[in-house]
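Take a walk through this model. Keep the sequence and the 3D view side by side.

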Amino acid sequence: NFDPDIASQALAAYDTRIHMIKQLLGFAEMYELDGINIDFENVYLEDKDRLTQFVRELTPFMHEQGLVVSIDVTIRGGSPMWSLFYDRKELGKIVDYMIVMTYDEHWASSPKAGSVASLPWTEKGIVDIMEEDHVPASKLLLGVPYYTRIWTEEYVDGKKKVTSEARGMEYIQNLITEKNLIPVFLEDVGQHYVEYKEDGKTKKIWIEDSVSMRSRIELVKKYDLAGVASWRRGFESPDIWETIQETLN
């Protein structure tokens, strides 16, 4: 649940950490998995070293069982519980792969409408981890979003109110067709964009499609990254897998 109190209790002592490790090893064997992906988010800054220690303890056991170990991290930022608690430099030395979740530039409750992950923001996030944390490109996977947000802007009592809802690629394409919208390409973010009025409110969408995905995969090639990871299966349109494969090759 990304509950910081639960994470704190789980990481607090060797006994609790080794208990988790044994469970994960058991699941990996039971389901014949290729690897384990670690995703801790919303963690107290004071648990930073404990999380790193957990990964340090877990990885040798996983490797002994022939499992690949990856960890998800956000881009570098100023939020203690969403960014600063990752010791990317040390984690990068331990794991096989580091998945950089290059989303959300504009999150669900953002006070300002915008792209989930504009191309310049995405590129800077990856470069920062290579340059500042010295994680080699050969270990980095570019995290790409299969979703976008429909932003709603309205004025309530004279003040602009911004809300959003996350939707998958096909939903957005169907919406564009249904409302006869004509997307425009925004060079500065590297994405198609549409906006329209509905019930006196302004709707804004920075679109994820094969065009934006191709640009993202080009970043993988530009920096010779290990590959790509996506969030999440079921949000993509069927053509996206082909776009990724073709661009990677």
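This is a predicted model: local features need pLDDT of at least 70, side-chain atom pairs count only at pLDDT 80 or more; totals for chains, interfaces and linings use all residues.

Residues are numbered from 1 along each chain as its sequence is written, and side-chain values use heavy atoms, with hydrogens and water left out.

Start with the largest pocket. Its volume is about 820 Å³. A pocket here is an open set of points on a 1 Å grid over the protein atoms alone, where a 1.4 Å probe fits, with protein on both sides within 12 Å along at least five of seven lines. The volume is the space filled by probe spheres set on the points, which are joined across faces, edges and corners.

The lining counts 28 residues, each with an atom within 4 Å of a point. Nearest the centre lie Glu41, Thr74, Met101, Tyr103 and Asp104. Elements giving two or more residues to this lining are β2 (68-74), α4 (80-84), β3 (97-101), β5 (147-156) and β10 (227-231). Strand β10 gives the most, with three residues. Helices (H or I, at least four residues) and strands (E, at least two) are DSSP runs, numbered from the N terminus.

Now the backbone. Most residues other than glycine have a negative phi, and most peptide bonds are trans. The bond from Tyr103 to Asp104 is cis, with omega near 0°. Asp104 sits in the loop between β3 and α6 (119-132). Another cis peptide bond joins Trp231 and Arg232, with omega about -10°. Arg232 belongs to the loop between β10 and α9. Asn180 is not a glycine, yet its phi is positive, about 55°. Asn180 lies in the loop between α7 (169-178) and β7 (184-186).

End on the surface. Glu170, Asp239, Glu242 and Glu246 form a patch of negative charge there. Patch residues have over 30% relative accessible area and no salt bridge, and like charges are joined within 9 Å. Areas come from the Shrake-Rupley method with a 1.4 Å probe. A salt bridge is a Lys or Arg side-chain nitrogen within 4 Å of an Asp or Glu carboxyl oxygen. Helix α9 (residues 239-248) gives the most to the patch, with three residues.

Notes: Patches are made of residues with over 30% relative accessible area and no salt bridge: like charges are joined within 9 Å, nonpolar side chains (Val, Leu, Ile, Met, Phe, Trp, Tyr) within 5 Å. Lys and Arg count as positive and Asp and Glu as negative; His and the chain ends are not counted. The place of a charge is taken as NZ of Lys, CZ of Arg, CG of Asp or CD of Glu.
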